[in-house]
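Here is a short briefing to read alongside the structure. Please keep the sequence and the 3D view open as you go.

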Amino acid sequence: MKEIYNAGTLAVWVKYEDDGRLAINGQDLGGHAVYEEYEYFIRVQPEDFPALVASLGGQPGDDVLELVTAKAQEVVQIGESTWLTAHGIPYKFDNYGHGYKSWD
C-alpha cells in the first residue's frame, strides 16, 4: 500500500486490490471520539473509476492512484466517505474499532 496521508493520529493508504478495486485504508491511533484505535476500509469498484477520475479532475485513462494521491489532502480532510458520497461515487465502507470488525 502507498501512504497518501499522515497527520496527527491519522494515516491513510491506497492500493489496487487483486480484483482491480481501489482500496483506501485508514488508521487513527487516538483521534477518534469513541475508540482508542480506529481503522476503516473503503473499496471502489473499477466500473466506478471513470466517475472517480472525473471527480478528481482527471481525464479518461488517468491513473486513479495518482489522482487520489494528488488530491489526498483535500479528500481526507473532508473525509473519504463524505467526499465520495458528495460526488456520487459508489463505495463499500467498513471499520474496525476497539476490537470489533464487522466486515470480512
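The notes below cover confidence, overall shape, the fold, and a few residues worth a look.

This is a predicted model, in which local features need pLDDT of at least 70, side-chain atom pairs count only at pLDDT 80 or more, and totals for chains, interfaces and linings use all residues. Residues are numbered from 1 along each chain as its sequence is written, and side-chain values use heavy atoms, with hydrogens and water left out.

**Confidence**
- The protein has a mean pLDDT of 90, and 90% of its residues reach 70 or more; pLDDT is the predictor's confidence in each residue, from 0 to 100.
- Across residues 99–104 the pLDDT is below 50, and this stretch has eleven contacts in the model beyond near neighbours in sequence (a contact means heavy atoms within 4.5 Å).

**Overall shape**
- The radius of gyration, taken over C-alpha atoms, is 13 Å, which agrees with the value near 13 Å for a compact globule with 104 residues (the globule rule is 2.2 Å times the number of residues to the power 0.38).
- Along the principal axes, the C-alpha trace spans about 40 × 30 × 25 Å.
- Buried residues make up 41% of the 104 residues; buried means under 20% relative accessible area, exposed over 50%, and partly exposed in between, with a 1.4 Å probe and protein chains only.
- Of the contacts with a separation of 6 or more, 47% come from residues 24 or more positions apart.

**Fold**
- The protein has four helices and six strands, which are DSSP runs numbered from the N terminus (helices are H or I, at least four residues; strands are E, at least two).
- From the N terminus on, the elements run β-β-β-β-α-α-α-α-β-β.

- Arg43 sits in strand S4 (residues 38–44) and counts as buried because its relative accessibility is 9%.
- The side chains of Arg43 and Glu17 are joined by a polar contact of 2.9 Å (a pair of N or O atoms within 3.5 Å; within protein, one must be able to donate a hydrogen and the other to accept it, and residues adjacent in sequence count only if both atoms are side-chain atoms).
- Ala54 lies in helix H1 (residues 49–55) and counts as exposed because its relative accessibility is 53%.
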